Every structure is written in structure tokens, then in C-alpha cells.
Amino acid sequence: MIEEKIRKELENAKNTVDDIDSMLNSSDINADKIIELSKKRSQLIEIVILYTELIQIEKSIEENNELLTDPEFKSLAEEELLQLKSRLLIVEDKIKFEVRPKDPLDSKDVIIEIRAGAGGDEAALFASDLLRMYLRYCERKKWSMEIINKSEIGLGGVKEVIASINGKDIYSFMKFESGVHRVQRVPATETSGRVHTSTATVVVLPEVDDIEIEINEKDLRIDTYRASGAGGQHVNKTDSAVRITHIPSGIVVQNQDGKSQHQNRQRAMRVLSAKLFETQQSQKEEDMSKTRKLLVGGGDRSEKIRTYNFPQGRVSDHRINLTLHKLDYILDGDLDELNNELYKNYINEESGVS
């Protein structure tokens, strides 16, 4: 059920889009105004489309309810009502998601770090699986991912990977991925067929602009060294790799995957800025609820958040006690159902709904 207050806001949004469309069709509108109006329209059109569908569904439900009194059309009306009411719930959930309280960081691009945890080579292989999962998720969402730094092992696994993801409202989707991810499966190298448990950690940080975080050059220690490959061998003859230490906080970042020392330094500074910003945000969030801190990313990342169980083909998110028997789909980047349930729980916690 959509509250009356929200309905009025949706109606206002629809009227605004109608007005914008009229102005855009005007012959005496200039280029700057077109850009301004088009940007405003793009911010409203998705929710307006949902609202229009909501009105159409409600009208169809009303018409079919009237047909229930007609013996000739009763069975047909009942069948259509079931479909309409099912679709109505979906549209209402989508509207509630769109009008949810906005985290000011939701529109940010992100820096994501994936590290192999307990489990040796199998943990590194699992970290590689998580990287592919997020790459596929980016493809589905039409986001772009850029690998900033990557440390591999010879079996196709990764010890650590840092990447940036750019697109629309990325942090709002990705912030729930921070934490310890656990896998239960038979490793490829296991001859006896025993199920092993391994872990990888994921950290998602909002990427910030220079104006949002100030870094004093005097607080930095910058070291350069030669980049190395998976086996530890040097892959170039110049000191192009960069390690930056932020002395006051003790945060250390490094990058070697760029083509030059300058590019590696730029990339490392982006990661450092994100980490310093996240540290500031965590301090501000100390007084917030435990659930909010965990979900937004200010909580204890040593907490196990999700298990990927291969023998049973299931994925369980321990924060919301949700289990989906869709392991293959999820590892192929189909994360929307999981994300939507996490967001519903987050909104309920924010509003005090149990």
C-alpha cells in the first residue's frame, strides 16, 4: 500500500515531467535549457513510469472487481485479479525502493577491495570468483569497472584486487557487500572429495572528490619500487610501482598495474582518499544503530556476512537470515534479489519496523 503523502509526491513528479515534455517540445528553447530540463527529467522519469503503471493496475483491479458480479465474466475476472494483485505488489515494492530515504553517499562511485582470507590457494580462487561475480554484476547494470591493482597467484586466483566502479547510484547497491564472504566446496586440488571452507574479505568504499577530503602532502611517505608478477619476478626495469603511507593514520596503499609511476601514484591516491573518507564517516556513525553501521560499512568487517555452499547450491546471507538456492545465478552476477532484500531490511531498521 502506498501512503497518501507519497502518492501526492508521485503525482507532482508526473506533472513536472509533463511540464518538462511540453517545454522540450517548444520551438524557442535554447540548448542550455534543454540540457537542464533533460537532466531533471532523467531524475524523475523512472519513478513516474512506475507511478503510471500503478494507476493503470489499480484501475484494472477496480474494473475486474465490478465484473465479479457478472456470472459470465466472474472466472475470467478472478484469474486476471490474481495476476494484477501480484504485479501490484511488485510495483509497490519498486516505488517504495525508489522513494526510500537516501543515504547521501548512495550516488557515489566506489572503490572495491577483495582479499583472499583463510584457506590458502582455495581462498585466492574464491576471491577470483567474487571478482568475476562483481564484473558480471557491473555488466548487467551497465557500470564500468577498472582494475586499479591486482596481485595474482599462478592457479588463476587473486591474493588481492582493488578496482573502481563507475555508474549510476553504485554505492546504494554495493555497500551491502562489505564483510567476510565464506565458501564451502570441494577444491579442484582435493583428491578425497572433502568439502573445505575458505574465506575472502570484501570492502566497498565510496569514491570521493578532492574537495571532500583534504590530504596534506607533508603527511605522506611515498616509496617507489619495481612491479612484480604472480611468481614474484620483476615485470619491468624501472621503479614504476608506488607505495603511499599516510603517516597520521598509518594507512598504506600501493599500486603497480599502471603504465607509469605517475599513473600508479594517481590510482593509489584515489584509494587513499576513499579510505580516509571512510574512516571519517565511520567516526561520525558511531552513534548510529549497530545494524546501520554494519550495512552501510561502518561496522565490524570481521563479521561473516554470506556463505556460498556449492554442495547444496545455495547462498545464505546471515545478516537477514535469507537463503537462496541460486548459487550459479548469483556467482554469475545476478545480485538484484539479494540486494533488494538487504535494502528492505535496511529501510525497516531505519524506520523501526521489526
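How many bridges pair β1 and β3, and in which sense? Select both strands: β1 (110-116) and β3 (158-166) pair over 6 bridges, in the antiparallel sense. Within this pairing, find I111, which stands opposite S164 in β3.

Before going on, note what is on screen. This is a predicted model, in which local features need pLDDT of at least 70 and side-chain atom pairs count only at pLDDT 80 or more, while totals for chains, interfaces and linings use all residues. Residues are numbered from 1 along each chain as its sequence is written, and side-chain values use heavy atoms, with hydrogens and water left out.

**The whole chain**

Colour the chain by secondary structure. There are 9 helices and 11 strands; these are DSSP runs numbered from the N terminus, with at least four residues (H or I) for a helix and at least two (E) for a strand. Of the 354 residues, 42% are buried (under 20% relative accessible area with a 1.4 Å probe, protein chains only; exposed is over 50%, and partly exposed lies in between). Take the contacts (heavy atoms within 4.5 Å) between residues at least 6 apart in sequence: 61% of them join residues at least 24 apart.

**The sheet of 8 strands**

Strands of a sheet pair through backbone hydrogen bonds, either parallel or antiparallel. Here two strands are said to pair if DSSP finds at least two bridges between them. Select the strands in the order β2-β3-β1-β5-β4-β9-β10-β11, which make an open sheet with mixed pairing. At its edges are β2 (144-152) and β11 (322-324), each pairing on one side only. From one strand to the next, the twist averages 15°.

Go back to β3. It is mostly covered, with 7 of its 9 residues buried. β3 also pairs with β2, antiparallel, over 8 bridges; S151 has E160 in β3 as its bridge partner. The hairpin of β2 and β3 has 5 residues between the strands, and G156 there takes a positive phi near 95°.

Next select β4 (residues 179-185) and β5 (residues 196-206), antiparallel strands joined by 7 bridges. V183 stands opposite S198 in β5.

α4 lies across β1, β2, β3, β4, β5 and β9 (304-309), and runs at about 110° to β4. Such angles run from 0 to 180 degrees between N-to-C directions, and axes are lines fitted to C-alpha atoms, for helices over the stretch in contact.

**The sheet of 3 strands**

Select β6, β7 and β8, an open sheet in the order β6-β7-β8 with antiparallel pairing. Why is one side of β6 and β8 left without a neighbour? β6 (220-225) and β8 (251-255) stand at the edges and each has a single partner strand, so one side of each has no neighbour in the sheet. β6 pairs with β7 (residues 241-246) over 6 bridges, and H246 in β7 is the bridge partner of L220.

**Two helices**

Finish with helix α1 (residues 4-24) and helix α2 (residues 31-67), whose axes come within 8 Å and cross at roughly 130°. α1 and α2 are therefore oblique to each other (angles under 35 degrees count as roughly parallel, over 145 as roughly antiparallel, 65 to 115 as roughly perpendicular and the rest as oblique).
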